[in-house]
Amino acid sequence: MDATIATKSSAQTWAGGNNKPLGAGYGKMMMWFFILSDALTFSGFLGAYGLMRFKFIDSWPIADEVFTHFPFAHGAHAPMYYVALMTFILIFSSVTMVLAVDAGHQLKKAKVTFYMFLTIIGGIIFLGSQAWEWKNFINGSYGALQLNDGKIIQFVDASGHQVALESFAKSSHSERTQHTKSKGLWFVEEAALPAYTVNEVIAGFEANPEITIRTEKLNTETKTKTIVPREQAMAYLNEAKAVVVGANLKVNEYGNTLFADFFFFITGFHGFHVLSGVVINIIIFFNVVIGTYEKRKSYEMVEKVGLYWHFVDLVWVFVFTFFYLV
């Protein structure tokens, strides 16, 4: 009696065989479970970003003033143009993945190969674009000064446009060199020295009366940073302790340090997902080429990796919306 009950119980337990909940096989169900758990992870990251941005909303950097670069257009002010292009490329790669899955359902190997190839190319272009954005973000565009309280002040001209330090700072010869282990200072480690010192920046500021400063504080009415009249600027400059060029996890020229921290963490984590997707797509692509799935009479593996790729694209839409647009 007990043996009979046990046998029926085990037979009713889904073991990835012919019983398919919601019409999905075992592998596809596991992919959905992974996507669900990963979606919760990204939700936590974006939720934390939203909380910190709301907390420091009066000093948060303006994305349109940070992401202004465009390839082969040095000096051009193109706010969000390249980020929008990156987004379009990634979404287009999702379209080609849909076409690859559809061709797989029809057992058309040539079309699956072609659309998978386009998907991989789109992913590689997106990764290269993201690396280029990181490089510009890290290197910086204008430079700024950090005050004793950790706040950042930037320099602007009479029209309110930001001015680069190199355009007015008075560089002077200095014997000061970077502390490194190779110079015998094994117990000291520091980042590369900025091109200018605080005193050199202040001297250049005094010599250019058309320049003034602006603080991190956001003017809620005009959605711009608060510009300080020149006669009051020296009070801020006297509190400057360091020249900041670019961004890292400790300080950045754009303003609040958390902005750079979240940028590196969220876009980096998403970029890792895109890289993983590209690698998996390449593996599946070669299996398609050698006819593995044609012999099985099933391209379900293409559909599985397609689910992951669509998820990566969807996450980027949320990252693009909340981090870059809002």
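**Entry 1: cavities**

I began with the second largest cavity, where β3 gives the most to the lining, with 3 residues. This is a predicted model, so I kept to its limits: local features need pLDDT of at least 70, side-chain atom pairs count only at pLDDT 80 or more, and totals for chains, interfaces and linings use all residues. I number residues from 1 along each chain as its sequence is written, and side-chain values use heavy atoms, with hydrogens and water left out.

I take helices (H or I, at least four residues) and strands (E, at least two) as DSSP runs numbered from the N terminus. On a 1 Å grid over the protein atoms alone, a cavity is a set of points where a 1.4 Å probe fits but cannot get out, a pocket is an open set with protein on both sides within 12 Å along at least five of seven lines, and lining residues have an atom within 4 Å of a point. Grid points are joined across faces, edges and corners, and a volume is the space filled by probe spheres set on them.

I found 2 cavities of 30 Å³ or more in the structure. I listed its lining as Ile152, Gln154, Arg214, Thr215, Glu216, Lys225, Tyr254 and Gly255. Two or more of these residues come from each of β2 (152–156) and β3 (212–219). I sorted the lining into 2 nonpolar, 3 polar and 3 charged residues, with Ala, Val, Leu, Ile, Met, Phe, Trp, Tyr, Cys and Pro as nonpolar, Asp, Glu, Lys and Arg as charged, and the others, Gly among them, as polar.

The largest cavity has about 90 Å³ of space. Its lining is Pro61, Ile62, Glu65, Val66, Ser141, Tyr142, Gln154, Gln162, Arg214, Lys225, Glu253 and Tyr254. By class I get 5 nonpolar, 3 polar and 4 charged residues there.

**Entry 2: the largest pocket**

I noted a volume of about 860 Å³ for the largest pocket. It is lined by 32 residues, and those closest to its centre are Thr68, His69, Gly140, Ser141 and Tyr142. The elements giving two or more residues to this lining are α3 (63–66), α5 (109–139) and β4 (224–228). The lining divides into 13 nonpolar, 14 polar and 5 charged residues.

**Entry 3: helix lengths and what follows them**

Just after α5, I find Gly140 with a positive phi of about 85°.

I did the same for α4 (residues 81–105). Its 25 residues should span 36 Å, and with end C-alpha atoms 37 Å apart this agrees.

**Entry 4: helix pairs**

I used axes fitted as lines to C-alpha atoms, for helices over the stretch in contact, with angles from 0 to 180 degrees between N-to-C directions. Angles under 35 degrees count as roughly parallel, over 145 as roughly antiparallel, 65 to 115 as roughly perpendicular and the rest as oblique.

The axes of α8 (residues 257–289) and α10 (residues 300–325) come within 10 Å and cross at roughly 160°. That makes α8 roughly antiparallel to α10. The crossing of α8 past α10 is left-handed (near helix turned anticlockwise from the far one by less than a right angle; clockwise is right-handed). I count the contact residues of this pair as 20 nonpolar, 6 polar and no charged.

α4 also packs on α10, at an angle of about 160° and with the axes 10 Å apart. These two are therefore roughly antiparallel to each other, and α4 passes α10 in a left-handed crossing. Their contact has 17 nonpolar, 6 polar and 2 charged residues.

Last, I looked at α2 (residues 26–55) with α8, whose axes come within 11 Å and cross at roughly 165°. α2 and α8 are therefore roughly antiparallel, and the crossing is left-handed.

Key
The expected span of a helix is 1.5 Å times one less than its number of residues.
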